[in-house]
Amino acid sequence: MPKSATAATVEELPGKGQDLSVDERLGTDPASIRRAFDEHIQYSRGKSPDTATPYDRFLALAMTVRDRLARRWVKTQRTYYAQDVKRAYYLSAEYLLGRALGNNLINMGLMDAAKEALAGAGADFEALLEMEPDAGLGNGGLGRLAACFLDSMATLGLPGIGYGIRYEFGIFSQDIVNGYQVERADEWLKFGNPWEIVRPEKIVPVRFGGQVEQHLASDGRRVSRWVGGKTVLGVPYDTPIAGYGAKTVNTLRLWQARASAEFDFRLFNDGDYERSVVEKNDSEVISKVLYPNDQNQAGKELRLKQEYFFVACSIADIMRRYLKTHTDFVQLPNKVAIQLNDTHPAIAVVELMRVLVDEKRIPWDEAWATTVAVFGYTNHTLLAEALEKWPAALFERLLPRHLQLLYEINHRFLRQVQIRWPFDEARLSRMSLFDEGKEKQVRMAHLAVIGSHSINGVAELHTNLLKRDVLNELSELYPERFNNKTNGVTPRRWLLSCNPRLSSLIGEQIGEGWITDLDQLRKLEPMAEDASFRKAFREVKRANKEELSAHVRDLLWVSLDPEAIFDVHVKRLHEYKRQLLNALHVVALWVRARKDPSAVLHPRAFIFGAKSAPGYQRAKQIIRLVNGIGEVVNSESRTTGIQVVFLPNYRVSLAERIIPAAEVSEQISTAGWEASGTGNMKLSLNGALTIGTLDGANIEIRDAVGPENFFLFGLTADEVVARRREGYRPRELYDSNPLLREVLDLIGSGFFSPEDRNLFHPLINSLLEEDRYMVLADFDSYLLEHERMTKAYLDKDRWARTAILNMARVGRFSSDRTIREYARDIWDVQPIKVD
């Protein structure tokens, strides 16, 4: 019988029939990778090379890479156990990971070998990389920072594990329909995830509700026992996190909620199909969606359930791991460091106390000292509304034992406060764990501070404002606990991977040491004076701009002029980030250009990318305004030289396209509102010059690159406070500034929203009546600095010199530096060599 043209046989697989060693089977040369790829096509996907789909090929390549990771992953874990090392446990509700295949190929040094291996396999290598969905388990900078930190921990050889939630639906996919944001579910797990491995043997039961029983133990101590209620199962899914060079492969463990009982078989047989799966659905919704809308009671309850669910699973897992090699808890602070990434996991403080006091029968004072020694807390916000508070009544219903423990923690804490500041009842009220307002609420930021030995901000200004304003009285009580750890970004993803042209140019000049020691970029400073290097740098930027332009044309049918200044504003949409100020500037420039085309000194391409929270109506209005402006402005771009695009569904993989092409980085938040920002670091690292305020990490970036290489505008944080205190009246600015008045009147008239002339009235009214974020106050200063920046761009050679100096001087904003500081100053975790 003749062989089928489409059916492969075992004999046809390269290397089949040979007695291959483990080293040969997991080889990293092109032939070994090709052999493994073909085997996965047949044995993992059940296909022949001829019948394999592009998705089959993507999975086969991913599994080929995972096989090679797995061996090093196992060695890493064995080494940690053998040496009984202290580990850092990073608890975060968000991980904005992006795509893993390209990043893993780079970190393992397999990129070139994989390209060569697949060249003869009928697979489009670049297309395979593009097939992977973004793992969008985060909302913005918080989640992306967590991903950078995991990369750095592994690269530095630091024993660490990340814990979070395996959301079935991550941050929503954003469509723009008629200028409006429309949210769609992000089905990133629709076809599975080739990187994760489920660990059913490590399932953790998590209790909600029930009641607390108390009895006397044999030693006479009162013991509490939490019983009853409903149990949800936490199922762990592990993802390998490879450091650069892949000597160390750490773990990200994400928890999925499963029902303890799948469904009621009796109800099902009786025909009551919906009620038969009620408990299953109620349990599994916990890990269904990233950040459910918590504007209603059901949303609040689900959000608190999410936070406690992943914290309880993680604490149980940490204790299980510790007790493998220890019989008591004396050494716990010497073996365990837990970092709380913002307030979302702050309930971990109480959960660890519950485990130590109730389950392990540790005396309170000893348990509390252990807990404080174990925890560190990173604050990421200066916004009062982002410092989580939960109704005490909700705790009473869902977590009754935790509420009792909170009362006890608070009682003991307030006694300390009382001793320090006697007879100051107002201070006691302000510092209490409980906000005794109309509805009693638990202050989660206060809990995190009280229960941690270290509290850090994420930029110098942010940390100073935390100590001075947001957490002032707590910092007075615990001054030694507060410290700063300025954020950073991983150069592996945010230069080496996303900008291969620039990475190659840098490597040709200074070698590859910068990949793990970003301070080595300083060696590029002399190259800023080298005409041939400046020329090569400009050519790289031009090629990146052309590539982005082609992508925008395919996406939006708008052809961005590669000669234009690519001015980039990409970040989460929030009013304090002031995308609205940028939009007002675009309208002002366009108004001027219509009257006098020479007002536009050089063609401009304004590139926006942002997602608004689904319930944040003002932010969604700003998105509609930007798209309305783009529709009008782009129709006259040939005469005005101005273009505006809003790129939908901003995410990690889109950022990796935009950032290498950027020439101007918009970092224009209201001074005193941005904790740090990391987009500013990524853009500077890729040769974009910053126009920005003295806010967040902008201040430190300006200090690093030199004030002469930074376009500064706007009020300072202290000036913002002073203007408010003196009685800020934005309408007076409108009345006295003809250009500003023309811009606001044009928007308010419905010119950019012909379908609804009144659409932007609330937006304009908020600016004229309150202007909380000082948009109008900074308008003139912003326009003047843009004009200065455009004039500087006219000297292309000088601009390239400035951009090179920016890039050369931002080495300190590597997440490797940040993580070294966490490990040294907070965690006391040492690098471990994995042979």
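This is a predicted model: local features need pLDDT of at least 70, side-chain atom pairs count only at pLDDT 80 or more; totals for chains, interfaces and linings use all residues.
An open sheet is built from six strands with parallel pairing, arranged in the order 22-21-20-23-24-25. Strand 22 (642-646) and strand 25 (711-712) form its edges, each pairing on one side only. Within the sheet, strand 20 (residues 565-570) runs parallel to strand 21 (residues 604-609), and six bridges join the two. Histidine 569 faces phenylalanine 608, which belongs to strand 21. Helix 35 (residues 796-808) packs on this sheet, where it touches strand 23 (664-667), strand 24 (689-692) and strand 25. The direction of helix 35 makes about 85° with that of strand 24.

Another open sheet has three strands in the order 15-17-16, with antiparallel pairing. Its edge strands are strand 15 (389-391) and strand 16 (434-436), each of which pairs on one side only. On average, and with direction ignored, neighbouring strands of this sheet are turned by 35° against each other. Strand 16 and strand 17 (residues 440-443) run antiparallel and are joined by three bridges. Aspartate 435 has glutamine 441 of strand 17 as its bridge partner. Helix 16 (residues 400-420) packs on the sheet through contacts with strand 16 and strand 17.

The angles between the packed elements are listed below.

| Elements | Angle |
|---|---|
| Helix 35 and strand 24 | about 85° |
| Helix 16 and strand 16 | about 85° |
| Helix 24 and helix 34 | roughly 65° |

**The helix pair**

Two packed helices are described by the angle between their axes and the distance between the axes. For helix 24 (residues 579-595) and helix 34 (residues 779-793), the axes come within 10 Å and cross at roughly 65°. This crossing is right-handed. Helix 24 contributes Leu581, Asn582, Leu584, His585, Ala588 and Arg592 to the contact, while helix 34 contributes Phe779, Tyr782, Leu783, His786 and Glu787. By class, the contact residues comprise six nonpolar, three polar and two charged.

**The second largest pocket**

The second largest pocket holds about 1100 Å³ of space. It is lined by 39 residues, of which Ile106, Met111, Ser497, Cys498 and Pro500 are the closest to its centre. Several helices each supply at least two lining residues, among them helix 4 (101-107), helix 5 (111-119), helix 21 (491-497) and helix 22 (500-510). Helix 6 (125-131), helix 23 (531-556) and helix 27 (652-658) likewise each supply at least two. The lining divides into 15 nonpolar, eleven polar and 13 charged residues.

Technical notes: Residues are numbered from 1 along each chain as its sequence is written. Side-chain values use heavy atoms; hydrogens and water are left out. Axes are lines fitted to C-alpha atoms, for helices over the stretch in contact, and angles run from 0 to 180 degrees between N-to-C directions. Helices (H or I, at least four residues) and strands (E, at least two) are DSSP runs, numbered from the N terminus. A crossing is left-handed if the near helix is turned anticlockwise from the far one by less than a right angle, and right-handed if clockwise. Contact means heavy atoms within 4.5 Å. Ala, Val, Leu, Ile, Met, Phe, Trp, Tyr, Cys and Pro count as nonpolar, Asp, Glu, Lys and Arg as charged, and the others, Gly among them, as polar. Two strands pair if DSSP finds at least two bridges between them. On a 1 Å grid over the protein atoms alone, a cavity is a set of points where a 1.4 Å probe fits but cannot get out, and a pocket is an open set with protein on both sides within 12 Å along at least five of seven lines; lining residues have an atom within 4 Å of a point. Grid points are joined across faces, edges and corners, and a volume is the space filled by probe spheres set on the points.
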